[in-house]
Amino acid sequence: MYADIILPLALPKRTYTYSVPVELANDLLAGIRVEVPFGKSKLYSGVVSRIHHEKPAYRIKSILAVLDDMPVVGARQLALWDWLADYYCCTLGEVMNAALPGHLKLTSETKLVYHPAYGDDFSELDDEEYLLAEALHLQQEITIDDARKILNKKTVFPAVQRLLQKGVLTLREDLQQKYQPKKVLAVRLAEPYRSNEDLLRGVFDELGRAEKQEEMLLAYLHLAQSRPWIRRQELVDKAGGSDAALRALVKKEVLELYEREISRLPGFEDELVEADSLSEPQQRALSEIHAAFREKEVVLLQGVTGSGKTRVYLELMHEVLLQGGQVLYLLPEIALTTQIINRLQRVFGADVAVYHSRINYNERVEIWRAASTGKPVLLSARSGLFLPFRNLQLIIVDEEHDSSFKQYDPAPRYNARDTAIYLASLYGAKVLLGTATPSLESYYNAKQGKFGLVEMTERFGGLQLPEIHPVDLRVHQKKRQMHGIFSPDLLDALKQALEQGEQAILFQNRRGYSPILECRTCGWTAQCRHCDVSLTYHKHQHRLRCHYCGFQEQTPAVCPACGDGKIALLGFGTEKIEDELKLFLPEARVGRMDLDTASSKNNLVALLNDFEEKRLDILVGTQMVTKGLDFDNVGIVGVLGADQLVRFPDFRAGERAYQLLTQVAGRAGRKHKRGRVLMQAWNPDHPVLKEVVNGDFAGFLARELQERRDFQYPPYFRLVHITLQHRDDKIVYLAADRFAKLLRQSMGKRVLGPVQPPVPRIRSYYGQQIMVKLEKSGQVITAAKDLIRKVSLEVSSQPGWGQLRIAVDVDPI
């Protein structure tokens, strides 16, 4: 008996054949993990792809051990892996690496770390487990190779697997991915009052003339009648201001403060009351989706921001659960998930599980198993596509246009939206794509009849869409009316919002203080040592940083080239906006939301919590502020530097700009009143900016599609980007030239390039790019991918080109 094994390695051969020892034959099934030798001394855990009796013509090695009782990968998952490797022009090993969580990918280099929570009682372990546990207890960390020496045997993966399951050890990579739930400060009665509220009569008598404390306690009791728990800030607001009275009651041990784990983005409680019944537009959308699903496998739901798409999702999910099916709910980024988690759990309770890269080993194992046993609702980023579903009936792709659904590095460079459609076809499930600003490909497919199309054109409750005002910076600059980077219109609007007790969001898609440090005498600019980009100045750290490779250096006081002290900062990022707001609006409380301030989950939680609870007046941010945030007190949204979004050398720049600007505008006026958006630009007459201002999606679509047709871009043609990188610029140029010539021999004018990318060198690697434009013909596309694979192997095998990096990106975005 022989078995074809998938190994987690980027090797051109799809599977490797091993012989099956007689004693393991009865334990072997497709989808089970096995321990196998590879190369001279390496051991890997691979997945059985196929079992057969076809003896290879070459000498083969034997499987060493079977690691599972039941398959960890099902037949449909293996089919998905095959499709991903074929479609996205990568290896099956690369797909396996992306698909399986870390605890299922043991190798001889894997680090084993002792789990202190287990303790030191090893009496229930068998001999092999005891020896490894004892070594871990003493050394804290060992490798698989160390374990092999301790047990004096080659096969140790089964023993390691048992210790993982018993919680004696964990893997090093898991320790770096601890999930931190959000915590907020809440208030409750202290004992004995919590157990016997009648005792509070004596407290009120003792408070006497302490009116503020009495009001605070009464406010607590009033809130406690309608809420299972009470936030500290909510109580302070209810009691009318200062928290001094609350501190006094805590000191007297009448009330106590405690931390409570909640959603990262609360604030949907009010919506859930409304969500008890569908509005008429929501009911109409639901009926249209049902009708479309009878004829189509995929439906695009285009609903304006604030139209209540999530409520429609909930209804569809409820219907699937009643039929005993599973729902996969995909979101582009984990930063958005906690708001949805809390909302879904209030509706579906323990039927909801959340899967993403930041949860720890135990949670990953539990969710992986729960999916295979039929967990009804699985909420995830793109990695959830690889879970072993039992009865998948519906996939919801929320914000389907978002570029975060695309995996860039490492391979497979897949698009989660497109992969979801293929995954659904394997299960016979339906796919709902939801967004306010659909991608051109999805909308085109809907208009061509490939997808169903349902539109929600009204905001929930009849609220009007925000009013968008363009601000022409040329006029204000000419009249010398600018206040730093702010136009008088935007500054006046911010002042008015603050006077009315409203909040504001300012959007600038660039972090840091200033992107360029330049000498005004000789023209020197601060450049990264490893990348061909300028260093960005970060005022908080007073350092220059590269946003590509992370390189940092001190900010020079004088020009290092000419010695002159006339060094100027050009351009602006979120840090400078925050700084200037403190000058022009000193009374405003300002927060900043970008990769620097929200790099950890806890920082992001605290920031958004402060803004929601009105401890911040203005939130300055990058595109993070455009994604799904729902605050009911935002009256003004300001966009600084709208022109920058349409200036990128990319055919999708207009599409991305329209989506980003429409999404950020949707943060204004989402609850009780119509919001206002002020969009600063040096050229407000740009077609995309005018279409955003007018809300003219139809005009944007017609113009953009015509340009795409004229210049042979998606959705009319298919693209493949090929990027070559090497530390030697001459080698990468020669290799790219060779690559393009080999492609042109068969594909002719479909091949463009090679050209230098916009940033020629990143992390000391020089780059060259080739673009292939293909007609939408299955035969042409398949032949092109086969040729690209063949040429990649030929070019990388040339003498002296062994360190060449070749990345193939199918359907780049």
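Student: Is N152 buried or exposed in this structure?

Tutor: This is a predicted model, and in it N152 is exposed, because its relative accessible area is 70% and a value over 50% counts as exposed. The residue sits in the loop between α4 (144–151) and α5 (157–166).

Student: What is the phi of N152, and how should I read a value like that?

Tutor: The general idea is that most residues other than glycine have a negative phi. In this model the phi of N152 is near 55 degrees, which is a positive value in a residue other than glycine. R480 also has a phi near 55 degrees, again positive in a residue other than glycine, and R480 is placed in the loop between α18 and α19. With a relative accessible area of 78%, R480 is exposed.

Student: Which residue also lies in the loop between α18 (473–478) and α19 (488–499), if I look for H483 there?

Tutor: H483 itself lies in that loop, and it is partly exposed, with a relative accessible area of 31%. Setting aside neighbours within four places in sequence, H483 is in contact with P488, L491, E580 and F584.

Student: Where is Q508 found, and is Q508 buried or exposed?

Tutor: Q508 is found in the loop between β20 (503–507) and β21 (516–519). Q508 is buried, because its relative accessible area is 0% and anything under 20% counts as buried. Leaving out neighbours within four places in sequence, the contacts of Q508 are F572, G573, T574, I577, G621, T622, L640, G641 and Q644. Of this list, Q644 stands 136 residues from Q508 in sequence and 9.3 Å from it in space, C-alpha to C-alpha.

Student: At what angle do α12 and α13 pack?

Tutor: Helix α12 (residues 280–293) and helix α13 (residues 309–322) pack at an angle of about 50 degrees, and their axes are 10 Å apart. The angle therefore makes α12 oblique to α13, and α12 passes α13 in a right-handed crossing. On the α12 side the contact is made by Q282, L286, I289 and H290, and on the α13 side by R311, V312, E315, L316 and E319. Sorted by class, this contact of α12 with α13 has four nonpolar, two polar and three charged residues.

Student: How do α8 and α9 pack, and which residues make the contact?

Tutor: Helix α8 (residues 211–224) and helix α9 (residues 232–239) pack at an angle of about 120 degrees, with axes 9 Å apart. That angle makes α8 oblique to α9, and the crossing of α8 past α9 is right-handed. The residues in contact are E215, M216, A219, Y220, H222 and L223 of α8, together with E234, L235, K238 and A239 of α9. They divide into six nonpolar, one polar and three charged.

Student: Which residues touch the most other members of the largest nonpolar core?

Tutor: In soluble globular proteins, nonpolar side chains tend to be buried together. The largest nonpolar core of this model has 118 residues, and W81, I395 and L743 touch the most other members. Helix α25 (residues 729–747) gives the most to this core, with nine residues. Leaving aside neighbours within four places in sequence, L743 is in contact with I722, G748, V751, I770, V772, L787, I788 and V791. Apart from this core lies another, of 31 residues, among them V312, M317, V320 and L432.

Student: At what angle do α25 and α26 pack?

Tutor: α25 and helix α26 (residues 778–796) pack at an angle of about 145 degrees, with their axes 10 Å apart, and their crossing is right-handed. Among the residues that meet are L742 and L743 in α25 and L787, I788 and V791 in α26. The contact of α25 with α26 divides into ten nonpolar, two polar and two charged residues.

Note on methods: Residues are numbered from 1 along each chain as its sequence is written. This is a predicted model: local features need pLDDT of at least 70, side-chain atom pairs count only at pLDDT 80 or more; totals for chains, interfaces and linings use all residues. Side-chain values use heavy atoms; hydrogens and water are left out. Axes are lines fitted to C-alpha atoms, for helices over the stretch in contact, and angles run from 0 to 180 degrees between N-to-C directions. Helices (H or I, at least four residues) and strands (E, at least two) are DSSP runs, numbered from the N terminus. Angles under 35 degrees count as roughly parallel, over 145 as roughly antiparallel, 65 to 115 as roughly perpendicular and the rest as oblique. A crossing is left-handed if the near helix is turned anticlockwise from the far one by less than a right angle, and right-handed if clockwise. Contact means heavy atoms within 4.5 Å. Ala, Val, Leu, Ile, Met, Phe, Trp, Tyr, Cys and Pro count as nonpolar, Asp, Glu, Lys and Arg as charged, and the others, Gly among them, as polar. A nonpolar core is a set of buried Ala, Val, Leu, Ile, Met, Phe, Trp, Tyr and Cys residues joined through side-chain atoms within 4.5 Å. Buried means under 20% relative accessible area, exposed over 50%, partly exposed in between (1.4 Å probe, protein chains only).
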